[in-house]
Amino acid sequence: MRRVDFEVLDNWPPVRNHASGHMSHNPESFPTGGRRRTLVIFVNTVIALIGGGLSTLLGAFAFPRAGASRQRWVRAGTTDDLKPDEPVARVLAVSRVDGWYRERARETIFLVWDGDRTIKALSATCTHLGCQVRWDAKDKKFRCPCHGGVYAADGSVLSGPPPRPLATIDARIDPADTSVLVRL
């Protein structure tokens, strides 16, 4: 086997890499100008913009706009359509917002008018399992057809499994005319 000798070239500069210990670990010794510094600033700026954009997008889901969930007054009919102390069912279309999904949901309510200027609105949703109650005009009671819940005309529980009375909904009569408005 032939032996090859290499001669040392003294005119070459020493290699400056991390392994030889010639490179400093001090961040203050980073070059202040040039292409490398510009590239580092550009990459850091792009990463910050991407992170900020993702944070904004996630924040939109975590903290929905206050105006999106705000309730508003909806016209439910007129007092001409109502009989004093007799609940009348009304089906209203209500816009619902769930994240990016928007829909028009139907909500059934009962309007109870005293014959003067006072109106009361009750939800038609049973507080037991969410079934729709019906007004029994003969017995003057609300009845849940699914589990036998019975409510009085004012929405209080008379018998059955419902744990609490029917939910009341803000309602008013518009002073300008005889419109009934409910807040949904």
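Predicted model: local features only at pLDDT ≥ 70, side-chain atom pairs only at ≥ 80, totals over all residues.

Visitor: Which order do the strands of the open three-stranded sheet have?
Guide: The order is β1-β11-β10, and the pairing is antiparallel. Strands here are DSSP runs of E with at least two residues, numbered from the N terminus. Two strands pair if DSSP finds at least two bridges between them.

Visitor: And which strands stand at the edges?
Guide: β1 (73–78) and β10 (171–173) do. Each has a single partner strand, so one side of each is left without a neighbour in the sheet. Neighbouring strands of this sheet are turned by 30° against each other on average, direction ignored. The axes behind that angle are lines fitted to C-alpha atoms, and angles run from 0 to 180 degrees between N-to-C directions.

Visitor: How many bridges join β10 to β11?
Guide: Three, with β11 covering residues 179–183 and the two strands running antiparallel. In β11, L181 is the bridge partner of R172.

Visitor: What about β2 and β3, how many bridges there?
Guide: 11 bridges join β2 (residues 88–98) to β3, again as an antiparallel pair. A89, for one, has F110 in β3 as its bridge partner. The hairpin has two residues between the strands, and G99 takes a positive phi near 65°.

Visitor: Where is I109?
Guide: I109 is in strand β3, residues 101–113.

Visitor: Buried or exposed?
Guide: I109 counts as buried because its relative accessibility is 0%. Buried means under 20% relative accessible area, exposed over 50%, and partly exposed in between, using a 1.4 Å probe and protein chains only.

Visitor: What does I109 touch?
Guide: Not counting residues up to four places away in sequence, its contacts (heavy atoms within 4.5 Å) include V88, L92, L122, I169 and V182. I109 and L92 are 17 residues apart in sequence, and 7.8 Å apart in space, C-alpha to C-alpha.

Visitor: Changing topic: how many disulfides?
Guide: Zero, where a disulfide is a pair of cysteine sulfur atoms within 2.5 Å. For C126, the nearest cysteine sulfur is that of C144, 3.9 Å away.

Visitor: Is C126 buried or exposed?
Guide: C126 is buried, with a relative accessible area of 4%. C146 is partly exposed, at 47%.

Conventions
Residues numbered from 1 in each chain as written. Heavy atoms only, no water. Helix = DSSP H or I, 4+ residues; strand = E, 2+ residues; numbered from the N terminus.
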